[in-house]
Amino acid sequence: EDVLGRTALHGHTRGDDIYEAVMQMLRDREIDLKHVVSIATDGAPCMTGRERGLVAHLRAHHPHSIAYQCIIHQMVLCASLEEKYSEIMTTVMRRDIF
C-alpha cells in the first residue's frame, strides 16, 4: 500500500479533472494502469460518480479495480448516524485488533 503522489488541481475538481491528474502522475512515473488494483476515496461524487467520477474513468480502462471509501470518512459518517454505532466504530478502530 503506497501513496502514488499528490498534485494541486487548479480551477475545477470534477471527476474528469481528477482522472487526468491521476493519469498524468501514472505517466510521469511510468506506471501502467493495469498495476493499480484499488483506490480509496472520500465518497464525493467527483470521485465515485457512476458516469464521470474518477472511479468510473478508471474502471473503463481497468474494470476489475476496487474502490474503497476511506475508513476515516466511514467513521465520521457512522458517528453522525446514531450513538449505537459508536461502539462498532470503537471496536473497528482499536489498534490492538490489527
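Predicted model: local features only at pLDDT ≥ 70, side-chain atom pairs only at ≥ 80, totals over all residues.
User: Which residues in H3 meet Gly 15, Asp 16, Ile 18, Tyr 19, Val 22 and Met 23 in H1?
Analyst: Residues are numbered from 1 along each chain as its sequence is written, and side-chain values use heavy atoms, with hydrogens and water left out. Helices (H or I, at least four residues) and strands (E, at least two) are DSSP runs numbered from the N terminus, and contact means heavy atoms within 4.5 Å. The H3 residues that meet this set from H1 are Leu 54, His 57, Leu 58 and His 61.

User: How many residues of the contact of H1 with H3 are nonpolar?
Analyst: The classes are nonpolar (Ala, Val, Leu, Ile, Met, Phe, Trp, Tyr, Cys and Pro), charged (Asp, Glu, Lys and Arg) and polar (the others, Gly among them). In the contact of H1 with H3, three residues are polar and one is charged. The nonpolar residues there number six.

User: At what angle do the axes of H1 and H3 cross, and what class does that give?
Analyst: Axes are lines fitted to C-alpha atoms, for helices over the stretch in contact, with angles from 0 to 180 degrees between N-to-C directions. Angles under 35 degrees count as roughly parallel, over 145 as roughly antiparallel, 65 to 115 as roughly perpendicular and the rest as oblique. The axes of H1 and H3 come within 8 Å and cross at roughly 55°. That angle makes the orientation of H1 to H3 oblique.

User: Which elements do the buried residues of H1 pack against?
Analyst: Buried means under 20% relative accessible area, exposed over 50%, and partly exposed in between (1.4 Å probe, protein chains only). In H1 the buried set is Gly 15, Asp 16, Ile 18, Tyr 19, Ala 21, Val 22, Met 23, Met 25 and Leu 26. These buried residues pack against helix H2 (45–48) and helix H3 (54–61).

User: Which elements are included in what covers the buried residues of H3?
Analyst: The buried residues of H3 are Leu 54, Val 55, Ala 56, His 57 and Leu 58. Their cover includes H1, strand S1 (38–41), H2 and strand S2 (66–69).

User: Which residues does Leu 33 touch, not counting those up to four places away in sequence?
Analyst: Leu 33 sits in the loop between H1 and S1 and has a relative accessible area of 11%, so it is buried. Its C-alpha atom is separated by 8.2 Å from that of Leu 58, 25 residues apart along the chain. With that exclusion applied, Leu 33 touches Met 23, Leu 26, Leu 58, His 61 and His 62.

User: Is Glu 30 buried or exposed?
Analyst: Glu 30 lies in the loop between H1 and S1. Its phi is positive, about 55°, although it is not a glycine. With a relative accessible area of 76%, Glu 30 is exposed.

User: How far is Glu 51 from Gly 15 in space, C-alpha to C-alpha?
Analyst: Glu 51 is placed in the loop between H2 and H3, and at 68% relative accessibility it counts as exposed. Gly 49 lies in the loop between H2 and H3 too, but at 19% relative accessibility Gly 49 counts as buried. Glu 51 and Gly 15 are 36 residues apart in sequence, and their C-alpha distance is 9.2 Å.

User: Where in the protein is confidence lowest?
Analyst: The protein averages a pLDDT of 77, and 74% of the residues score at least 70. Confidence is highest in helix H1 (residues 15–28), at a mean of 87. The lowest mean, 66, belongs to residues 71–81, helix H4.

Notes: pLDDT = per-residue confidence, 0-100.
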